[in-house]
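Notebook open, model loaded. I want to go through the helices, the core and the aromatic rings, and jot things down as I look them up.

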Amino acid sequence: MSRRAALTLAALACVAALGATLPPRVQAAPATAAPCGGRGSNPAYAEDYAAVIQGLLDLYEAGFEIRWVQWAERLQARMDALFWDEAA
């Protein structure tokens, strides 16, 4: 197996664990930060959302599965709702 294939499989396993740890009603909007496969109690920051969004877009580029872009879009909308500052 190539390094790229191995990294893609690892990324898929991590994002599957992330999705599995979130109830369906909040899969588009995680509210806590946690390690891969874990559950967190710390609030998620804008940087956390940005990192997950970037990872989802990277997964899309690796396999061109539209579901990763769709999830990234939902997370971006949630991030905007939580962190957008009209005064800035």
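Ground rules before I go on. I am working on a predicted model, where local features need pLDDT of at least 70 and side-chain atom pairs count only at pLDDT 80 or more, while totals for chains, interfaces and linings use all residues. Residues are numbered from 1 along each chain as its sequence is written, and side-chain values use heavy atoms, with hydrogens and water left out.

**Entry: overall layout**

I find 3 helices and 2 strands in the protein chain. Read from the N terminus, the order is α-β-β-α-α. My helices (H or I, at least four residues) and strands (E, at least two) are DSSP runs, numbered from the N terminus.

I looked up burial next: 20% of the 88 residues count as buried. Here buried is under 20% relative accessible area, exposed is over 50%, and partly exposed is in between (1.4 Å probe, protein chains only). The chain exposes about 6,100 Å², and carbon and sulfur atoms supply 59% of that. Those areas come from the Shrake-Rupley method with a 1.4 Å probe; for residues, only the protein chains shown count as cover.

For contacts (heavy atoms within 4.5 Å), I took the ones with a separation of 6 or more: residues 24 or more positions apart account for 44% of them.

Which residues of H3 are buried? I list Trp 68, Val 69, Trp 71, Ala 72, Leu 75 and Met 79. Down the helix axis they fall within an arc of 160°, so they line one face of H3. I use the arc of the directions from the helix axis to the C-beta atoms. On the other side of H3, I note Glu 73 and Ala 81 as exposed.

**Entry: same check on H2**

H2 covers residues 46–63, and its 18 residues should span 26 Å at 1.5 Å a residue; the end C-alpha atoms are 26 Å apart, so that agrees too. Its buried residues are Tyr 49, Ile 53, Leu 56 and Leu 59. Seen down the axis of H2, they fall within an arc of 115°, so they line one face. The face turned away from them carries the exposed residues Glu 47, Ala 51 and Glu 61.

I looked at Glu 47 separately: its relative accessible area is 59%, so it is exposed. Its C-alpha atom is 9.7 Å from that of Met 79, 32 residues apart along the chain.

**Entry: the core**

Which residues make up the largest nonpolar core? I count 11 residues: Val 15, Ala 44, Tyr 49, Ile 53, Leu 56, Leu 59, Trp 68, Trp 71, Ala 72, Leu 75 and Met 79. H2 and H3 are the elements that give two or more residues to this core, and H3 has the largest share, with 5 residues. A core here is a set of buried Ala, Val, Leu, Ile, Met, Phe, Trp, Tyr and Cys residues joined through side-chain atoms within 4.5 Å.

I also followed Ile 53: leaving out residues up to four places away in sequence, it touches Ala 72, Leu 75, Gln 76 and Met 79.

**Entry: aromatic pairs**

My rule pairs rings of Phe, Tyr and Trp (its six-membered ring) with centres within 6.5 Å; planes under 30 degrees apart are stacked, over 60 edge-to-face, the rest tilted. That gives me 2 aromatic pairs.

The rings of Tyr 49 and Phe 83 have centres 5.7 Å apart and planes at 70°, so I call the pair edge-to-face. Tyr 49 is in H2 and Phe 83 in H3 (residues 66–83), so the pair ties together parts 34 residues apart in sequence. Tyr 49 is buried at 3% relative accessible area, whereas Phe 83 is partly exposed at 35%.

Tyr 60 and Phe 64 are also edge-to-face, 5.5 Å centre to centre with 85° between the planes. I have Tyr 60 as partly exposed at 26% and Phe 64 as exposed at 61%.

**Entry: Phe 64 backbone**

Where is Phe 64? I place it in the loop between H2 and H3. Just after H2, Phe 64 takes a positive phi of about 55°. I flagged that because most residues other than glycine have a negative phi.

Notes:
Expected span 1.5 Å × (residues − 1).
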